[in-house]
Amino acid sequence: MKLTPRITLTFVVYAAALLAAVGFLAYNSGRAALRSATISELQSTAIEKQGALEAWVEEKRQDIARLAQDPGTLTHAVELYDAPSGSPEAANAHRLLLEEILPRSAGGEFMSLMVIDPRSGQVVASSDPTEEGKLKEDRPYFLQGKAGPYVENLYYSVALQEPAMTSAAPLRAPDGRLVGVLAGRIDLDEMNAIISRRSGLHESDDTLLVSTSNLFVTQPRFVIDPVVLQRGIHTQAVERCLEGRSGAIDQLDYRGVPAIAVYTWLPERELCLIVKMDQAEAYAPTRSFGRAVAAISALALVAAVVIAVVLARSLTLPILGLQAGVARFGQGDLGFRLPDSSRDELGSLAREFNARADSLAQKDTSLRARAAELEAANRELEAFSYSVSHDLRAPLRAVDGFSRILLEEHAASLDGEARRYLDLVRDNTQKMGHLIDDLLAFSRLGRQEFGRRTVQPANLARQALDQLNGERVAREVEIEIDEMPEALADPVLLRQLYVNLLSNALKFTRKRDPARIHVGSRTEDGKPVYFVQDNGVGFDMAYVGKLFGVFQRLHRAEDYEGTGVGLAIVQRIVHRHGGRVWAEGAVDRGATFSFTLPERSGT
Amino acid sequence: MSVEMPAEILLVEDNPNDIELAMHALTKHKLANRIEVVRDGAEALDYIFARGAYSHRDINQIPRVVLLDLKLPKVDGLEVLRQIKADPRMRKIPVVALTSSREERDVTESYNLGINSYILKPVDFQQFTEAVRTIGLFWLLLNQPPKV
């Protein structure tokens with residue numbers, strides 16, 4: 001991966017993780033804050049409801065107590081109490097008592113009122129005629145009501161087939177006698193109204209009362225069918241509340257909807273007060289907050305990407321610049337220098353590089369100068385040898401030409417001795433001509449075009465032998481040319497090499513019968529070594545060092561003609577190929593010339 | 001037949017020995033009186049294009065053959081050859097190079113410029129006639145009118 005994307009990616013991933021963590025924390029703390037705010041709101045609602053409920057109950061208690069002390073009611077109650085049952089006085093007192101209590105019920109403070117005889121527990125007068133004559137002697141409101149004002153908690157009235165709540169107070173004659181118990185049925189709609197009165201702050205808030213037997217006591221907002229004391233509720237809040245605890249909880253409500261609920265156990269009323277609200281509404285702000293956090297995070301991420309790219313580029317641009325500069329320098333633009341203005345590590349790297357480049361350029365310049373000098377010297381040398389061989393030849397031509405004219409046209413005026421001297425003159429000019437030719441050929445080797453390709457040495461050796469046919473006329477020579485590994489060489493030069501080696505071999509085997517020449521190859525260290533071997537006069541290994549020198553000869557000119565350039569040319573050809581050449585031999589035991597060439601493979 | 005016979009062979013050669021040897025060979029074969037010798041490349045061009053010292057010469061009298069040494073003072077042989085072959089009137093003159101060696105670059109360059117033949121120095125008449133034969137002038141040069 002390249003540097004710029006790597007730095008960018010690292011930065012962006014880091015930024016994304018950071019933003020995610022911060023966003024998560026912000027979202028969660030926002031949610032927690034909302035929850036606690038919601039819970040305290042719900043709790044204050046619960047406290048308010050509880051207060052209102054208690055106040056209402058107290059009001060009902062006082063209502064019944066006040067009614068029980070009403071002089072009219074009390075007077076007729078005493079009359080009824082004292083009159084014998086079934087007497088006209090009793091009937092009269094009963095009528096008058098009803099007149100007193102009827103206005104107080106059905107539209108008054110109570111739904112119905114009744115007077116119970118404290119001796120039998122029988123209803124002696126009631127705003128509801130069907131109640132009269134019934135026995136209430138075991139009812140808590142009767143038993144408690146004899147002692148003082150009392151409100152009985154909610155219960156299911158079997159007689160009425162509906163929930164009921166009754167308050168009661170003793171009816172006492174002015175002399176202190178207990179003449180009856182006044183009991184009033186409380187209108188539960190009032191309580192319902194108190195409980196279901198909404199704060200108006202929220203949409204989904206709801207308050208409900210639950211009895212100890214897990215029954216709804218007030219009608220919940222989101223249930224249409226009447227459920228009061230008919231349907232059970234078994235939420236976790238209710239369970240905890242009925243254990244006598246108070247608190248708050250996030251849970252599913254009676255509809256199965258996630259809600260936040262505050263539960264309060266009302267020991268006096270033996271009821272559970274639940275104030276709840278849907279989580280959806282409570283946490284609604286967190287959703288928009290979450291969206292805001294997400295949007296801000298996205299923006300921040302985009303900003304992070306931009307910053308990362310800019311940062312990465314600001315880091316990598318100088319590096320890329322360095323790289324490009326080094327590459328440019330490497331491609332040969334030695335004059336190129338890196339900008340080194342920055343004061344950071346890259347700047348010092350650039351300065352370091354420039355210093356190296358300076359010294360390298362300096363070396364390069366001196367190297368180039370040296371190469372140019374050498375080239376010039378070489379050119380001079382070549383021009384020198386070229387003109388030497390030409391200019392040496394000119395006087396030679398004259399000597400030879402005029403000697404020939406003398407011999408051809410003035411032979412008559414010359415004696416035998418003079419003609420012999422002239423022949424010697426011509427012989428020597430011929431030799432000098434050969435020397436010059438060889439010298440020229442040798443110097444030409446350095447200038448010749450050099451083109452390597454795959455060649456078959458055996459074929460070139462055969463061609464060389466054909467070229468030398470003139471030298472083996474009337475001679476018995478056994479020449480063996482093996483097949484050899486192909487080589488990478490200049491065919492013209494390699495043929496010339498074989499011409500020279502074979503010419504040598506033919507020359508120095510002249511006095512052998514039969515003369516044997518073997519051209520072949522062997523393998524040394526896994527590489528082919530080519531050789532030309534003969535059974536000629538050989539040479540003394542003591543002089544092997546002189547063998548390949550120009551104009552170096554190991555034999556007398558009278559015995560073996562030659563200029564001493566042939567082997568020098570052989571050596572030069574092998575060296576131009578990057579190979580190695582050497583000779584082995586002994587006097588009268590023949591000679592072997594071996595050489596190596598670069599291998600075909602790997603080039 | 002005028003005494004002012006135009007030269008049929010132009011020999012361009014600076015070395016006096018070579019001139020003498022060439023003249024000897026040609027004289028022996030009775031061509032000496034038809035030879036004009038110039039000593040350097042500039043003079044050769046002056047002669048051929050009838051200018052300078054040779055401005056009096058009739059430019060239409062074109063030599064039958066030019067024997068050209070390649071190594072010449074002032075203007076070298078290859079340049080003389082180039083100018084001859086570049087001129088539409090002179091292009092047809094056969095040019096035979098006289099060289100002292102078979103130097104590869106000279107040979108290649110000469111052939112590129114349109115040399116007709118080579119003769120190795122010293123001028124061997126045998127070689128000369130061979131060269132002349134190859135360029136089709138043999139009959140013309142050897143079957144000349146009788147001398148005056």
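Author: What follows is a short talk about helix packing in this predicted model.

Reader: Let's start in chain B; at what angle do the axes of H2 and H3 cross?

Author: The axes of H2 (residues 41-48) and H3 (residues 77-86) of chain B cross at roughly 20 degrees and come within 9 Å. Since angles under 35 degrees count as roughly parallel, that makes H2(B) roughly parallel to H3(B), and the crossing is right-handed.

Reader: Which residues of H2(B) and H3(B) meet there?

Author: From H2(B) they are B:Gly41, B:Ala44, B:Leu45 and B:Ile48, and these meet B:Gly77, B:Glu79, B:Val80, B:Gln83 and B:Ile84 of H3(B). Sorted by class, the contact of H2(B) with H3(B) has five nonpolar, three polar and one charged residues.

Reader: And how many residues of H2(B) are buried?

Author: Six of its eight residues are buried, so H2(B) is mostly covered. The buried ones include B:Glu43 and B:Tyr47, and as a group the buried residues pack against strand E1 (9-12), strand E2 (35-38) and H3 of chain B.

Reader: What does the backbone do just after H2(B)?

Author: There, B:Ala50 takes a positive phi of about 50 degrees.

Reader: Switching to chain A, how far apart are the axes of H8 and H9?

Author: The axes of H8 (residues 284-330) and H9 (residues 345-409) of chain A are 11 Å apart, at an angle of about 10 degrees, and these two helices are therefore roughly parallel to each other. On the H8(A) side the contact includes A:Pro318 and A:Phe329, while A:Leu346 and A:Phe353 are among the H9(A) residues. The contact of H8(A) with H9(A) has 10 nonpolar residues, no polar and no charged.

Definitions and conventions
Residues are numbered from 1 along each chain as its sequence is written. Chains are lettered from A and ligands numbered from 1 in the order in which they are written. This is a predicted model: local features need pLDDT of at least 70, side-chain atom pairs count only at pLDDT 80 or more; totals for chains, interfaces and linings use all residues. Axes are lines fitted to C-alpha atoms, for helices over the stretch in contact, and angles run from 0 to 180 degrees between N-to-C directions. Helices (H or I, at least four residues) and strands (E, at least two) are DSSP runs, numbered from the N terminus. Angles under 35 degrees count as roughly parallel, over 145 as roughly antiparallel, 65 to 115 as roughly perpendicular and the rest as oblique. A crossing is left-handed if the near helix is turned anticlockwise from the far one by less than a right angle, and right-handed if clockwise. Two residues are in contact if their C-beta atoms, placed from the backbone, lie within 7 Å. Ala, Val, Leu, Ile, Met, Phe, Trp, Tyr, Cys and Pro count as nonpolar, Asp, Glu, Lys and Arg as charged, and the others, Gly among them, as polar. A residue is buried if 20 or more other C-beta atoms lie within 10 Å of its own, exposed if 12 or fewer, and partly exposed in between; C-beta atoms are placed from the backbone.
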